[in-house]
Amino acid sequence: MWGVLAMPNPAAQSLQTDMPRMPDGKPNLTGLWQTFGSAHWDILDHSASEGHFFELGAMGAFPAGQGIVVGNEIPYLPEALAQKEANFQNRLEDDPMLKCFMPGVPRTTYMPFPFQIVQGTDQILIAYEFATSNRIVRVDNDTLSPVDSWMGWSNAEWEGDTLVVDVTGFNGQAWFDHMGNYASNQLHVVERYTMMSPNHIEYEATLEDPTIFSEPWTIQLPLYRRIENNAKLLEFKCVEFTEEKLYGHLRRVEDDEDQE
Amino acid sequence: MKCLSIKSFALPALILVLLSASTAAAQNYTVGRTPWGDPDLQGVFTSDDMINVRTERPEEFGDRPFLTEEEYNARIEQNERNIASRTEEFAGDNPRITINPPGHWLEWGDELSRQTSLVVDPPNGRVPEVTPEAEARTQAYNALVRGDADSWENFSPYIRCITRGVTGSIFPVIYGNGTRIVQGPGYVGIQYEMVHEARIIPIVDGEHVGGDIKMWMGDAVGRWEGDTLVVETRNLSDRTGVTVNGGGTRHSENLHVVERFTRVGPDTINYEATFTDPGTWEGSWTAAFPIKQKPGYEVYEYACHEGNHAMFNSLSGSRAQEAAGGAQ
(Lines give C-alpha, C1' and ligand atoms only; values in the text may rest on other atoms or scores of the structure.)
Protein backbone atom coordinates (compact mmCIF):
# COMPACT_ATOMS: atom_id res chain seq x y z
CA MET A 1 0.00 0.00 0.00
CA TRP A 2 1.06 3.53 -0.73
CA GLY A 3 0.34 5.18 2.53
CA VAL A 4 1.93 2.85 5.03
CA LEU A 5 5.57 3.29 4.11
CA ALA A 6 7.77 3.44 7.18
CA MET A 7 7.91 7.05 8.26
CA PRO A 8 11.23 8.78 7.79
CA ASN A 9 10.04 11.97 9.46
CA PRO A 10 11.62 12.28 12.94
CA ALA A 11 9.34 15.20 13.72
CA ALA A 12 6.31 12.96 13.62
CA GLN A 13 5.04 12.85 17.16
CA SER A 14 2.18 10.44 16.70
CA LEU A 15 2.03 7.36 18.83
CA GLN A 16 0.33 5.58 15.98
CA THR A 17 2.67 3.41 13.97
CA ASP A 18 0.02 2.38 11.47
CA MET A 19 -0.82 5.96 10.49
CA PRO A 20 -1.09 6.26 6.70
CA ARG A 21 1.73 8.48 5.53
CA MET A 22 2.98 10.01 2.30
CA PRO A 23 6.48 9.11 1.06
CA ASP A 24 7.79 12.34 2.65
CA GLY A 25 6.39 11.31 6.04
CA LYS A 26 3.41 13.68 6.11
CA PRO A 27 0.11 12.11 7.16
CA ASN A 28 -1.84 10.91 4.13
CA LEU A 29 -5.38 12.27 4.44
CA THR A 30 -6.47 10.75 1.12
CA GLY A 31 -9.73 8.89 1.52
CA LEU A 32 -13.48 9.15 1.99
CA TRP A 33 -14.52 10.98 5.18
CA GLN A 34 -17.75 11.99 6.89
CA THR A 35 -18.94 13.56 10.13
CA PHE A 36 -21.76 12.32 12.35
CA GLY A 37 -24.38 14.38 14.09
CA SER A 38 -26.77 17.18 13.29
CA ALA A 39 -24.46 20.20 13.21
CA HIS A 40 -25.69 21.01 9.71
CA TRP A 41 -29.05 21.86 11.32
CA ASP A 42 -27.66 23.58 14.40
CA ILE A 43 -24.04 23.99 15.42
CA LEU A 44 -25.08 24.65 19.05
CA ASP A 45 -26.60 22.24 21.59
CA HIS A 46 -30.17 21.49 20.58
CA SER A 47 -33.13 19.31 21.59
CA ALA A 48 -34.99 17.11 19.15
CA SER A 49 -37.70 19.08 17.35
CA GLU A 50 -40.49 18.74 14.84
CA GLY A 51 -39.75 19.23 11.17
CA HIS A 52 -41.02 21.84 8.74
CA PHE A 53 -43.56 19.59 7.07
CA PHE A 54 -45.89 17.36 9.05
CA GLU A 55 -46.31 15.09 6.03
CA LEU A 56 -42.81 13.78 6.56
CA GLY A 57 -43.60 12.77 10.14
CA ALA A 58 -40.65 11.32 12.00
CA MET A 59 -38.47 11.39 8.89
CA GLY A 60 -38.70 15.17 8.73
CA ALA A 61 -38.03 15.81 12.42
CA PHE A 62 -34.64 17.01 13.65
CA PRO A 63 -32.61 14.86 16.05
CA ALA A 64 -31.11 16.29 19.21
CA GLY A 65 -27.44 17.11 19.04
CA GLN A 66 -24.52 18.22 21.12
CA GLY A 67 -23.05 21.35 19.61
CA ILE A 68 -19.70 21.59 17.89
CA VAL A 69 -18.97 25.14 19.11
CA VAL A 70 -16.39 25.21 21.90
CA GLY A 71 -18.15 26.81 24.90
CA ASN A 72 -21.52 26.48 23.08
CA GLU A 73 -21.70 30.22 22.45
CA ILE A 74 -21.17 32.38 19.35
CA PRO A 75 -19.89 35.90 20.21
CA TYR A 76 -22.14 37.91 17.87
CA LEU A 77 -21.97 41.68 17.85
CA PRO A 78 -25.47 43.09 18.64
CA GLU A 79 -26.43 44.04 15.07
CA ALA A 80 -25.17 40.75 13.74
CA LEU A 81 -27.23 38.87 16.33
CA ALA A 82 -30.33 40.66 15.05
CA GLN A 83 -29.48 39.54 11.52
CA LYS A 84 -28.96 35.98 12.74
CA GLU A 85 -32.47 36.08 14.28
CA ALA A 86 -33.87 37.40 10.99
CA ASN A 87 -32.10 34.58 9.15
CA PHE A 88 -33.73 32.10 11.52
CA GLN A 89 -37.19 33.53 10.93
CA ASN A 90 -36.69 33.34 7.16
CA ARG A 91 -34.77 30.08 7.08
CA LEU A 92 -37.20 28.26 4.82
CA GLU A 93 -36.65 30.94 2.20
CA ASP A 94 -33.08 32.01 2.83
CA ASP A 95 -31.03 29.01 3.93
CA PRO A 96 -28.68 28.62 0.93
CA MET A 97 -28.42 24.87 1.52
CA LEU A 98 -32.12 24.41 0.72
CA LYS A 99 -31.40 25.91 -2.72
CA CYS A 100 -28.53 23.52 -3.41
CA PHE A 101 -26.01 26.33 -3.18
CA MET A 102 -22.43 25.46 -2.22
CA PRO A 103 -22.31 25.31 1.57
CA GLY A 104 -19.06 27.22 2.08
CA VAL A 105 -16.47 26.46 4.75
CA PRO A 106 -16.89 25.09 7.38
CA ARG A 107 -20.52 23.95 6.79
CA THR A 108 -19.49 21.81 3.84
CA THR A 109 -17.44 19.66 6.25
CA TYR A 110 -20.39 18.68 8.46
CA MET A 111 -23.08 18.29 5.82
CA PRO A 112 -24.53 14.79 6.23
CA PHE A 113 -22.70 13.57 3.12
CA PRO A 114 -19.24 12.06 2.59
CA PHE A 115 -16.35 13.92 1.02
CA GLN A 116 -13.20 12.71 -0.69
CA ILE A 117 -9.73 14.05 -0.05
CA VAL A 118 -7.13 13.52 -2.80
CA GLN A 119 -3.81 14.60 -1.34
CA GLY A 120 -1.11 15.51 -3.82
CA THR A 121 2.18 17.11 -2.92
CA ASP A 122 1.54 20.80 -3.50
CA GLN A 123 -2.23 20.75 -3.81
CA ILE A 124 -5.09 18.86 -2.24
CA LEU A 125 -8.50 18.38 -3.85
CA ILE A 126 -11.46 18.06 -1.50
CA ALA A 127 -14.61 16.92 -3.32
CA TYR A 128 -17.86 17.02 -1.36
CA GLU A 129 -20.83 14.90 -2.36
CA PHE A 130 -23.40 17.60 -1.55
CA ALA A 131 -23.96 19.83 -4.61
CA THR A 132 -20.71 18.57 -6.18
CA SER A 133 -18.98 21.37 -4.28
CA ASN A 134 -15.21 21.15 -4.17
CA ARG A 135 -12.10 23.16 -3.47
CA ILE A 136 -8.39 23.18 -4.06
CA VAL A 137 -6.09 23.57 -1.07
CA ARG A 138 -2.72 25.04 -2.07
CA VAL A 139 0.09 23.71 0.11
CA ASP A 140 3.14 25.89 0.87
CA ASN A 141 2.10 28.29 -1.87
CA ASP A 142 0.62 31.25 -0.07
CA THR A 143 -1.44 33.20 -2.60
CA LEU A 144 -3.97 35.95 -2.22
CA SER A 145 -7.56 35.15 -3.12
CA PRO A 146 -8.09 36.71 -6.57
CA VAL A 147 -11.88 36.68 -6.33
CA ASP A 148 -14.61 36.07 -3.76
CA SER A 149 -16.34 32.70 -3.89
CA TRP A 150 -18.71 30.41 -2.00
CA MET A 151 -16.01 27.95 -0.96
CA GLY A 152 -13.28 30.53 -0.36
CA TRP A 153 -9.60 30.41 -1.20
CA SER A 154 -7.54 27.85 0.72
CA ASN A 155 -3.82 28.04 1.50
CA ALA A 156 -2.24 25.42 3.73
CA GLU A 157 0.91 24.40 5.48
CA TRP A 158 1.89 21.54 7.74
CA GLU A 159 2.52 22.15 11.41
CA GLY A 160 4.07 18.82 12.37
CA ASP A 161 1.36 16.28 11.61
CA THR A 162 -1.42 18.87 11.43
CA LEU A 163 -2.58 20.32 8.11
CA VAL A 164 -3.46 23.95 8.79
CA VAL A 165 -5.69 25.48 6.11
CA ASP A 166 -6.19 29.22 5.97
CA VAL A 167 -9.41 30.12 4.14
CA THR A 168 -10.36 33.64 3.01
CA GLY A 169 -11.99 35.17 -0.05
CA PHE A 170 -15.56 34.22 0.89
CA ASN A 171 -18.53 35.90 -0.74
CA GLY A 172 -20.39 36.15 2.58
CA GLN A 173 -23.51 34.34 1.33
CA ALA A 174 -23.05 30.95 3.01
CA TRP A 175 -24.53 30.05 6.39
CA PHE A 176 -23.07 27.80 9.09
CA ASP A 177 -26.30 25.87 9.76
CA HIS A 178 -30.09 25.91 9.26
CA MET A 179 -30.53 28.13 12.34
CA GLY A 180 -29.19 31.12 10.40
CA ASN A 181 -25.74 31.35 11.95
CA TYR A 182 -23.64 33.24 9.45
CA ALA A 183 -20.70 35.55 8.73
CA SER A 184 -19.80 38.21 6.17
CA ASN A 185 -17.29 38.22 3.32
CA GLN A 186 -14.71 39.26 5.92
CA LEU A 187 -14.81 35.73 7.34
CA HIS A 188 -11.42 34.16 7.96
CA VAL A 189 -11.39 30.45 8.79
CA VAL A 190 -8.35 28.53 10.00
CA GLU A 191 -8.97 24.79 9.78
CA ARG A 192 -6.77 22.21 11.44
CA TYR A 193 -6.83 18.57 10.24
CA THR A 194 -5.02 16.26 12.68
CA MET A 195 -5.08 12.55 11.99
CA MET A 196 -5.58 10.79 15.32
CA SER A 197 -5.78 7.21 14.02
CA PRO A 198 -5.84 5.59 10.58
CA ASN A 199 -9.59 6.09 10.55
CA HIS A 200 -10.28 9.41 12.22
CA ILE A 201 -9.21 13.01 11.92
CA GLU A 202 -9.73 15.68 14.55
CA TYR A 203 -11.17 18.70 12.75
CA GLU A 204 -10.98 22.12 14.29
CA ALA A 205 -11.86 25.45 12.74
CA THR A 206 -11.39 28.92 14.19
CA LEU A 207 -13.72 31.56 12.77
CA GLU A 208 -12.93 35.24 12.79
CA ASP A 209 -14.95 38.13 11.35
CA PRO A 210 -14.60 41.48 13.11
CA THR A 211 -17.76 42.82 11.43
CA ILE A 212 -19.91 40.00 12.88
CA PHE A 213 -18.19 38.57 15.98
CA SER A 214 -16.59 40.27 19.00
CA GLU A 215 -13.85 37.64 19.10
CA PRO A 216 -12.75 34.49 17.25
CA TRP A 217 -14.54 31.25 18.11
CA THR A 218 -13.87 27.62 17.44
CA ILE A 219 -15.69 24.49 16.34
CA GLN A 220 -14.41 20.96 16.85
CA LEU A 221 -15.62 17.60 15.63
CA PRO A 222 -14.12 14.36 14.35
CA LEU A 223 -14.07 13.21 10.74
CA TYR A 224 -14.54 9.47 10.36
CA ARG A 225 -13.21 7.39 7.51
CA ARG A 226 -15.87 5.50 5.56
CA ILE A 227 -14.33 2.06 5.96
CA GLU A 228 -16.78 -0.02 3.92
CA ASN A 229 -14.81 -1.92 1.28
CA ASN A 230 -16.89 -0.48 -1.52
CA ALA A 231 -17.30 3.06 -0.11
CA LYS A 232 -17.19 5.63 -2.89
CA LEU A 233 -18.11 9.22 -3.38
CA LEU A 234 -21.45 9.13 -5.17
CA GLU A 235 -23.37 11.99 -6.74
CA PHE A 236 -25.84 14.40 -5.16
CA LYS A 237 -26.50 16.95 -7.87
CA CYS A 238 -29.34 18.61 -6.02
CA VAL A 239 -30.16 21.39 -8.49
CA GLU A 240 -33.04 19.42 -9.99
CA PHE A 241 -34.42 18.79 -6.50
CA THR A 242 -34.68 22.54 -5.85
CA GLU A 243 -36.02 23.88 -9.15
CA GLU A 244 -39.69 23.63 -8.16
CA LYS A 245 -38.85 25.57 -4.98
CA LEU A 246 -36.81 28.20 -6.82
CA TYR A 247 -38.73 28.59 -10.08
CA GLY A 248 -42.11 26.99 -9.41
CA HIS A 249 -43.87 30.36 -9.29
CA LEU A 250 -42.64 31.00 -12.84
CA ARG A 251 -44.00 27.78 -14.32
CA ARG A 252 -46.60 28.24 -17.04
CA VAL A 253 -50.10 27.71 -15.73
CA GLU A 254 -52.64 26.41 -18.23
CA ASP A 255 -55.52 28.85 -18.38
CA ASP A 256 -59.13 28.09 -19.42
CA GLU A 257 -58.53 29.08 -23.00
CA ASP A 258 -55.70 26.56 -23.34
CA GLN A 259 -57.91 23.80 -22.06
CA GLU A 260 -60.66 24.39 -24.59
CA MET B 1 -10.61 31.03 -17.57
CA LYS B 2 -7.80 33.01 -19.02
CA CYS B 3 -6.92 36.42 -17.67
CA LEU B 4 -7.65 39.02 -20.32
CA SER B 5 -4.26 40.60 -19.76
CA ILE B 6 -2.32 37.53 -20.80
CA LYS B 7 -4.34 36.85 -23.90
CA SER B 8 -2.03 36.97 -26.85
CA PHE B 9 -2.74 37.21 -30.51
CA ALA B 10 -1.96 34.16 -32.53
CA LEU B 11 1.35 34.57 -34.28
CA PRO B 12 1.85 32.17 -37.17
CA ALA B 13 5.56 31.92 -36.33
CA LEU B 14 4.69 30.47 -32.96
CA ILE B 15 2.15 28.01 -34.21
CA LEU B 16 3.28 24.49 -33.57
CA VAL B 17 2.40 21.68 -35.82
CA LEU B 18 0.22 19.91 -33.32
CA LEU B 19 0.40 16.26 -34.07
CA SER B 20 3.93 16.09 -35.39
CA ALA B 21 5.11 18.14 -32.41
CA SER B 22 3.29 15.81 -30.06
CA THR B 23 4.75 12.76 -31.72
CA ALA B 24 8.25 14.16 -31.51
CA ALA B 25 7.67 15.10 -27.90
CA ALA B 26 6.32 11.66 -27.13
CA GLN B 27 9.52 10.14 -28.39
CA ASN B 28 11.85 12.37 -26.40
CA TYR B 29 9.82 13.02 -23.31
CA THR B 30 9.55 10.89 -20.21
CA VAL B 31 6.68 11.74 -17.94
CA GLY B 32 7.69 12.59 -14.36
CA ARG B 33 6.65 10.51 -11.36
CA THR B 34 4.73 11.37 -8.24
CA PRO B 35 6.61 10.60 -5.00
CA TRP B 36 4.61 7.35 -4.78
CA GLY B 37 5.67 6.30 -8.28
CA ASP B 38 2.70 7.01 -10.58
CA PRO B 39 3.08 8.94 -13.85
CA ASP B 40 2.54 12.60 -12.93
CA LEU B 41 -0.31 14.11 -14.95
CA GLN B 42 -0.99 17.01 -12.61
CA GLY B 43 -1.63 20.53 -13.75
CA VAL B 44 -4.28 22.86 -15.16
CA PHE B 45 -5.00 22.16 -18.82
CA THR B 46 -7.33 23.68 -21.39
CA SER B 47 -8.81 22.55 -24.69
CA ASP B 48 -8.88 26.17 -25.95
CA ASP B 49 -6.64 25.34 -28.94
CA MET B 50 -9.39 23.02 -30.24
CA ILE B 51 -12.21 25.59 -30.19
CA ASN B 52 -12.12 25.97 -34.00
CA VAL B 53 -12.37 22.21 -34.62
CA ARG B 54 -15.76 20.64 -35.21
CA THR B 55 -16.76 17.43 -33.46
CA GLU B 56 -17.60 15.68 -36.73
CA ARG B 57 -15.52 16.13 -39.86
CA PRO B 58 -17.17 18.04 -42.68
CA GLU B 59 -17.71 15.53 -45.48
CA GLU B 60 -15.54 17.39 -48.01
CA PHE B 61 -12.45 16.30 -46.03
CA GLY B 62 -13.24 12.60 -46.48
CA ASP B 63 -10.79 10.45 -44.57
CA ARG B 64 -8.24 13.24 -44.25
CA PRO B 65 -7.53 13.94 -40.53
CA PHE B 66 -5.48 17.14 -40.95
CA LEU B 67 -5.79 20.42 -42.80
CA THR B 68 -3.51 21.28 -45.69
CA GLU B 69 -1.11 24.19 -45.21
CA GLU B 70 -3.49 26.43 -47.10
CA GLU B 71 -6.52 25.37 -45.07
CA TYR B 72 -4.57 25.75 -41.87
CA ASN B 73 -3.52 29.30 -42.74
CA ALA B 74 -7.16 30.08 -43.46
CA ARG B 75 -8.09 28.77 -40.00
CA ILE B 76 -5.45 31.00 -38.41
CA GLU B 77 -6.63 34.02 -40.37
CA GLN B 78 -10.24 33.36 -39.41
CA ASN B 79 -9.19 33.09 -35.77
CA GLU B 80 -7.31 36.38 -35.96
CA ARG B 81 -10.29 38.09 -37.53
CA ASN B 82 -12.53 36.77 -34.74
CA ILE B 83 -10.15 38.00 -32.06
CA ALA B 84 -9.86 41.40 -33.68
CA SER B 85 -13.62 41.86 -33.97
CA ARG B 86 -14.19 40.83 -30.36
CA THR B 87 -11.49 43.18 -29.11
CA GLU B 88 -12.91 45.97 -31.22
CA GLU B 89 -16.36 45.29 -29.88
CA PHE B 90 -15.03 45.36 -26.31
CA ALA B 91 -13.07 48.56 -26.81
CA GLY B 92 -15.50 50.37 -29.11
CA ASP B 93 -17.81 53.25 -28.28
CA ASN B 94 -20.94 51.31 -29.21
CA PRO B 95 -20.51 47.76 -28.01
CA ARG B 96 -22.92 45.36 -29.63
CA ILE B 97 -25.39 44.11 -27.04
CA THR B 98 -27.07 40.76 -27.67
CA ILE B 99 -28.44 37.96 -25.51
CA ASN B 100 -25.17 36.09 -26.10
CA PRO B 101 -22.05 36.42 -23.97
CA PRO B 102 -20.07 39.50 -25.00
CA GLY B 103 -17.14 38.83 -27.28
CA HIS B 104 -14.53 39.61 -24.66
CA TRP B 105 -15.78 36.70 -22.53
CA LEU B 106 -14.79 34.25 -25.19
CA GLU B 107 -11.55 32.31 -25.28
CA TRP B 108 -9.50 31.25 -28.25
CA GLY B 109 -6.48 29.14 -29.02
CA ASP B 110 -3.00 30.45 -29.65
CA GLU B 111 -1.52 27.24 -31.06
CA LEU B 112 -4.37 26.18 -33.30
CA SER B 113 -4.94 22.55 -34.16
CA ARG B 114 -4.62 21.10 -37.65
CA GLN B 115 -7.23 18.45 -36.95
CA THR B 116 -10.23 18.39 -39.26
CA SER B 117 -12.49 16.92 -36.53
CA LEU B 118 -12.47 15.84 -32.90
CA VAL B 119 -13.73 12.42 -33.95
CA VAL B 120 -10.74 10.37 -35.12
CA ASP B 121 -12.34 6.95 -35.45
CA PRO B 122 -14.10 5.81 -37.65
CA PRO B 123 -11.59 7.10 -40.23
CA ASN B 124 -14.15 9.42 -41.83
CA GLY B 125 -14.24 11.41 -38.58
CA ARG B 126 -17.98 11.02 -38.22
CA VAL B 127 -20.03 9.47 -35.45
CA PRO B 128 -21.50 6.11 -36.55
CA GLU B 129 -25.12 5.83 -37.51
CA VAL B 130 -27.59 6.37 -34.70
CA THR B 131 -30.06 3.56 -33.93
CA PRO B 132 -33.79 4.25 -34.40
CA GLU B 133 -34.38 4.05 -30.65
CA ALA B 134 -31.64 6.63 -29.98
CA GLU B 135 -33.02 8.84 -32.76
CA ALA B 136 -36.43 8.73 -31.06
CA ARG B 137 -34.86 9.47 -27.67
CA THR B 138 -33.00 12.45 -29.10
CA GLN B 139 -36.01 13.83 -30.96
CA ALA B 140 -38.09 13.67 -27.79
CA TYR B 141 -35.38 15.53 -25.92
CA ASN B 142 -34.99 18.14 -28.64
CA ALA B 143 -38.72 18.75 -28.71
CA LEU B 144 -38.63 19.30 -24.96
CA VAL B 145 -35.71 21.72 -24.83
CA ARG B 146 -36.52 23.64 -28.01
CA GLY B 147 -40.08 24.37 -27.01
CA ASP B 148 -41.50 27.36 -25.14
CA ALA B 149 -40.06 28.17 -21.75
CA ASP B 150 -43.03 26.65 -19.91
CA SER B 151 -40.72 25.48 -17.13
CA TRP B 152 -37.07 24.79 -16.33
CA GLU B 153 -37.53 21.37 -17.88
CA ASN B 154 -37.51 23.03 -21.29
CA PHE B 155 -33.82 23.80 -20.85
CA SER B 156 -30.78 21.57 -21.17
CA PRO B 157 -29.04 20.16 -18.07
CA TYR B 158 -26.20 22.58 -18.88
CA ILE B 159 -28.43 25.66 -18.93
CA ARG B 160 -30.01 24.38 -15.70
CA CYS B 161 -26.48 24.22 -14.25
CA ILE B 162 -26.81 20.53 -13.40
CA THR B 163 -23.98 19.19 -15.54
CA ARG B 164 -22.45 18.95 -19.01
CA GLY B 165 -21.85 15.25 -18.53
CA VAL B 166 -18.73 13.22 -18.21
CA THR B 167 -17.08 14.01 -21.56
CA GLY B 168 -19.14 17.10 -22.42
CA SER B 169 -17.16 18.72 -19.59
CA ILE B 170 -13.85 18.51 -21.47
CA PHE B 171 -14.87 18.99 -25.13
CA PRO B 172 -13.88 22.51 -26.27
CA VAL B 173 -16.48 25.28 -26.10
CA ILE B 174 -16.45 29.07 -26.20
CA TYR B 175 -15.03 29.45 -22.67
CA GLY B 176 -14.49 27.60 -19.40
CA ASN B 177 -12.41 24.80 -20.93
CA GLY B 178 -10.20 24.21 -17.88
CA THR B 179 -9.38 20.76 -16.53
CA ARG B 180 -7.33 20.42 -13.35
CA ILE B 181 -5.75 17.09 -12.47
CA VAL B 182 -4.75 16.35 -8.87
CA GLN B 183 -3.26 13.01 -7.89
CA GLY B 184 -3.00 11.36 -4.50
CA PRO B 185 -1.88 7.86 -3.59
CA GLY B 186 -4.42 5.52 -5.20
CA TYR B 187 -6.60 8.29 -6.67
CA VAL B 188 -6.81 10.75 -9.51
CA GLY B 189 -9.08 13.76 -9.08
CA ILE B 190 -10.26 15.80 -12.05
CA GLN B 191 -11.81 19.21 -11.62
CA TYR B 192 -13.70 20.62 -14.62
CA GLU B 193 -14.04 24.38 -14.66
CA MET B 194 -17.56 24.87 -15.96
CA VAL B 195 -20.33 23.95 -13.46
CA HIS B 196 -17.59 23.10 -10.89
CA GLU B 197 -17.45 19.36 -11.50
CA ALA B 198 -15.07 17.17 -9.48
CA ARG B 199 -14.53 13.60 -10.53
CA ILE B 200 -12.88 11.06 -8.25
CA ILE B 201 -11.17 8.17 -10.01
CA PRO B 202 -9.91 5.37 -7.76
CA ILE B 203 -6.98 3.44 -9.22
CA VAL B 204 -8.19 -0.05 -8.36
CA ASP B 205 -8.84 -3.46 -9.79
CA GLY B 206 -12.32 -3.04 -8.42
CA GLU B 207 -15.71 -3.21 -9.98
CA HIS B 208 -18.19 -0.46 -10.58
CA VAL B 209 -20.96 0.36 -8.11
CA GLY B 210 -24.19 -1.62 -8.37
CA GLY B 211 -26.16 -1.33 -11.58
CA ASP B 212 -29.14 0.37 -9.93
CA ILE B 213 -27.02 3.43 -9.16
CA LYS B 214 -27.10 5.88 -12.07
CA MET B 215 -25.19 9.14 -12.06
CA TRP B 216 -24.93 12.11 -14.42
CA MET B 217 -21.12 11.78 -14.37
CA GLY B 218 -21.16 7.99 -14.02
CA ASP B 219 -18.93 5.79 -11.90
CA ALA B 220 -15.25 5.92 -12.84
CA VAL B 221 -12.59 3.28 -12.27
CA GLY B 222 -8.99 3.95 -13.31
CA ARG B 223 -5.85 1.98 -14.07
CA TRP B 224 -2.39 2.65 -15.49
CA GLU B 225 -1.44 1.12 -18.82
CA GLY B 226 2.22 2.02 -19.01
CA ASP B 227 2.25 5.78 -18.49
CA THR B 228 -1.32 6.22 -19.71
CA LEU B 229 -4.21 6.72 -17.30
CA VAL B 230 -7.15 4.66 -18.52
CA VAL B 231 -10.53 5.52 -17.02
CA GLU B 232 -13.59 3.33 -17.53
CA THR B 233 -16.94 4.92 -16.79
CA ARG B 234 -20.28 3.16 -16.44
CA ASN B 235 -23.48 3.67 -14.42
CA LEU B 236 -24.31 6.73 -16.54
CA SER B 237 -27.79 8.23 -16.65
CA ASP B 238 -29.51 8.50 -20.04
CA ARG B 239 -30.13 12.21 -19.63
CA THR B 240 -27.08 13.74 -21.33
CA GLY B 241 -25.13 13.54 -24.56
CA VAL B 242 -21.39 13.03 -24.79
CA THR B 243 -20.18 15.93 -26.96
CA VAL B 244 -19.84 19.67 -26.38
CA ASN B 245 -21.75 20.85 -23.31
CA GLY B 246 -23.39 17.43 -23.02
CA GLY B 247 -25.31 18.01 -26.25
CA GLY B 248 -26.02 15.75 -29.19
CA THR B 249 -27.57 12.30 -29.33
CA ARG B 250 -29.12 11.08 -26.06
CA HIS B 251 -27.34 7.85 -25.20
CA SER B 252 -28.68 4.98 -23.11
CA GLU B 253 -27.83 3.94 -19.57
CA ASN B 254 -25.59 1.23 -21.04
CA LEU B 255 -23.04 3.70 -22.37
CA HIS B 256 -19.48 2.64 -21.64
CA VAL B 257 -16.79 5.31 -21.91
CA VAL B 258 -13.06 4.57 -21.95
CA GLU B 259 -10.85 7.63 -21.63
CA ARG B 260 -7.07 7.75 -21.98
CA PHE B 261 -4.86 10.51 -20.60
CA THR B 262 -1.24 10.43 -21.84
CA ARG B 263 1.22 13.18 -20.97
CA VAL B 264 3.34 13.68 -24.08
CA GLY B 265 5.22 16.78 -23.00
CA PRO B 266 5.61 19.12 -20.03
CA ASP B 267 2.49 21.05 -21.01
CA THR B 268 0.46 18.61 -23.09
CA ILE B 269 -1.80 15.66 -22.36
CA ASN B 270 -3.28 13.71 -25.24
CA TYR B 271 -6.90 12.98 -24.37
CA GLU B 272 -8.91 10.23 -26.00
CA ALA B 273 -12.45 9.00 -25.35
CA THR B 274 -14.06 5.92 -26.86
CA PHE B 275 -17.83 5.52 -26.70
CA THR B 276 -19.63 2.20 -26.90
CA ASP B 277 -23.40 1.92 -26.60
CA PRO B 278 -25.06 -0.56 -29.00
CA GLY B 279 -28.48 0.88 -28.15
CA THR B 280 -27.36 4.25 -29.47
CA TRP B 281 -24.70 3.88 -32.17
CA GLU B 282 -24.08 1.17 -34.78
CA GLY B 283 -20.44 1.00 -33.67
CA SER B 284 -17.91 2.35 -31.20
CA TRP B 285 -16.26 5.66 -31.95
CA THR B 286 -13.41 7.72 -30.60
CA ALA B 287 -12.71 11.42 -30.17
CA ALA B 288 -9.16 12.59 -29.45
CA PHE B 289 -7.47 15.93 -28.90
CA PRO B 290 -4.70 17.45 -26.79
CA ILE B 291 -5.30 19.55 -23.69
CA LYS B 292 -2.54 21.98 -22.76
CA GLN B 293 -1.17 24.02 -19.90
CA LYS B 294 -1.12 27.72 -20.75
CA PRO B 295 0.60 30.46 -18.77
CA GLY B 296 -1.93 32.22 -16.56
CA TYR B 297 -4.75 29.74 -17.12
CA GLU B 298 -6.33 29.02 -13.73
CA VAL B 299 -9.55 27.30 -12.72
CA TYR B 300 -11.68 29.44 -10.41
CA GLU B 301 -14.95 28.52 -8.76
CA TYR B 302 -17.77 28.54 -11.31
CA ALA B 303 -20.94 29.00 -9.26
CA CYS B 304 -23.29 28.24 -12.15
CA HIS B 305 -26.52 27.36 -10.33
CA GLU B 306 -25.96 29.92 -7.58
CA GLY B 307 -25.79 32.66 -10.23
CA ASN B 308 -28.31 31.28 -12.69
CA HIS B 309 -30.25 34.52 -13.22
CA ALA B 310 -30.84 33.42 -16.80
CA MET B 311 -33.33 30.81 -15.61
CA PHE B 312 -35.36 33.36 -13.64
CA ASN B 313 -35.20 35.81 -16.52
CA SER B 314 -36.13 33.31 -19.23
CA LEU B 315 -39.13 31.98 -17.31
CA SER B 316 -40.38 35.35 -16.09
CA GLY B 317 -39.89 36.78 -19.58
CA SER B 318 -42.02 34.05 -21.09
CA ARG B 319 -44.74 34.60 -18.47
CA ALA B 320 -44.66 38.33 -19.22
CA GLN B 321 -45.02 37.64 -22.95
CA GLU B 322 -48.02 35.42 -22.26
CA ALA B 323 -49.61 38.06 -20.08
CA ALA B 324 -49.17 40.55 -22.92
CA GLY B 325 -50.71 38.10 -25.37
CA GLY B 326 -47.46 37.77 -27.26
CA ALA B 327 -47.02 34.02 -26.94
CA GLN B 328 -49.12 30.94 -27.52
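A nonpolar core is a set of buried Ala, Val, Leu, Ile, Met, Phe, Trp, Tyr and Cys residues joined through C-beta atoms within 7 Å. A residue counts as buried if 20 or more other C-beta atoms lie within 10 Å of its own, as exposed if 12 or fewer do, and as partly exposed in between, with C-beta atoms placed from the backbone. The model described here is predicted: local features need pLDDT of at least 70 and side-chain atom pairs count only at pLDDT 80 or more, while totals for chains, interfaces and linings use all residues. Residues are numbered from 1 along each chain as its sequence is written, and chains are lettered from A and ligands numbered from 1 in the order in which they are written.

**Nonpolar cores**
- The largest nonpolar core has 105 residues, and Leu125(A), Ile126(A) and Ala127(A) have the most contacts inside it.
- The element that gives the most to this core is β3(A), with five residues; helices (H or I, at least four residues) and strands (E, at least two) are DSSP runs, numbered from the N terminus.
- Another core, of five residues, lies apart from it and includes Ala149(B), Trp152(B), Met311(B) and Leu315(B).
- Leaving aside neighbours within four places in sequence, Ala127(A) is in contact (C-beta atoms, placed from the backbone, within 7 Å) with residues of chain A, including Phe115(A) and Leu233(A), and with Gly189(B), Ala198(B) and Ile200(B).

**The barrel of chain A**
- Nine strands of chain A, in the order β1-β2-β3-β4-β5-β6-β7-β8-β9, form a closed barrel with mixed pairing; two strands pair if DSSP finds at least two bridges between them.
- Strands β2 (residues 115-119) and β3 (residues 123-128) of chain A pair in the antiparallel sense over five bridges.
- Opposite Gln119(A) stands Ile124(A), a residue of β3(A).

**Where the chains meet**
- In all, 36 residues of chain A are in contact with 37 residues of chain B.
- On the side of chain A that touches chain B, the elements giving two or more residues are β2, β3 and α3 (239-247) of chain A.
- Of these, α3(A) gives the most, with four residues.

**Chain B**
- The secondary structure of chain B comes to four helices and ten strands.
- Along the sequence, the pattern of chain B is α-β-α-β-α-β-β-β-β-β-β-β-β-α.
- Chain B has 328 residues, of which 38% count as buried.
- Among contacts in chain B with a separation of 6 or more, 65% are between residues 24 or more positions apart.

Key
Contact = placed C-beta atoms within 7 Å.
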